[in-house]
Amino acid sequence: MNRDYHEAIQFLDPEISKQIRLGNELLKKIPFPEKEQGEEEIICGLSKKDFELYGSKLNFNIPNENLKYMEKSLIEEQNYLGLMELLENQYPYNKLVPYILYSYCRDICGLPIKKSENDRIRRDLKAIKKACNHLTKKQLKKETRKVKVEF
């Protein structure tokens, strides 16, 4: 299952076995070396860490517009993932399914999901399901054996 999947797969819930789901959750807990400080991601002029801390506090209203400041700046940058992070904690949006919120944020930023991307997402989901079915069929048969360990 070493394949470059579409970024929307993380917002969908593909049908995978419990063992693989557990493995993916435990894989996130393994500490890997972090990026060098020179490669820090910048969102709306803030580092990613500062955006997580102050992003919701900087989201004040702009007069004569329906959008708030952070929403407008993220839309101008076409940063739909940052917009999704901002909106997923606000009232009407936190009730949405994550994939629908992802699609909504892409539409707002002017980057709608194209038909070819939808086809790729469907193919990726099908490949994940097929690989999981293959892994579950390939399970080793358990045998009972008498084993003696001597030290």
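**Exercises on a predicted chain**

In this predicted model, the chain exposes about 12,500 Å², and carbon and sulfur atoms supply 53% of that area.

**Exercise 1.** Check whether the span of helix H7 agrees with its number of residues, and find what its buried residues pack against.

*Solution.* Helix H7 covers residues 115-137, which makes 23 residues. The expected span is 1.5 Å times one less than the number of residues, so H7 should span 33 Å, and this agrees with its end C-alpha atoms, which are 33 Å apart. Next, list the buried residues of H7, among them Ile-121, Asp-124, Ala-127, Ile-128 and Ala-131. An α-helix has 3.6 residues a turn, so residues three or four places apart point the same way. The buried residues of H7 pack against H1 and helix H6 (98-108).

**Exercise 2.** Decide whether Ile-30 is buried, partly exposed or exposed, and name the surface patch to which Ile-30 contributes.

*Solution.* First locate Ile-30, which lies in the loop between helix H1 (18-28) and strand S1 (42-43). Buried means under 20% relative accessible area and exposed means over 50%, so Ile-30, at 43%, counts as partly exposed. Together with Leu-27 and Phe-32, Ile-30 makes a nonpolar surface patch of about 310 Å².

Notes:
Residues numbered from 1 in each chain as written. Predicted model: local features only at pLDDT ≥ 70, side-chain atom pairs only at ≥ 80, totals over all residues. Heavy atoms only, no water. Patch = residues over 30% accessible without salt bridge, like charges linked within 9 Å, V, L, I, M, F, W, Y side chains within 5 Å. Areas by Shrake-Rupley, 256 points an atom, 1.4 Å probe, with all protein chains shown as cover. Salt bridge = Lys/Arg side-chain N within 4 Å of Asp/Glu carboxyl O. Helix = DSSP H or I, 4+ residues; strand = E, 2+ residues; numbered from the N terminus. Buried < 20%, exposed > 50% of the residue type's maximum accessible area, 1.4 Å probe, protein only. Contact = heavy atoms within 4.5 Å.
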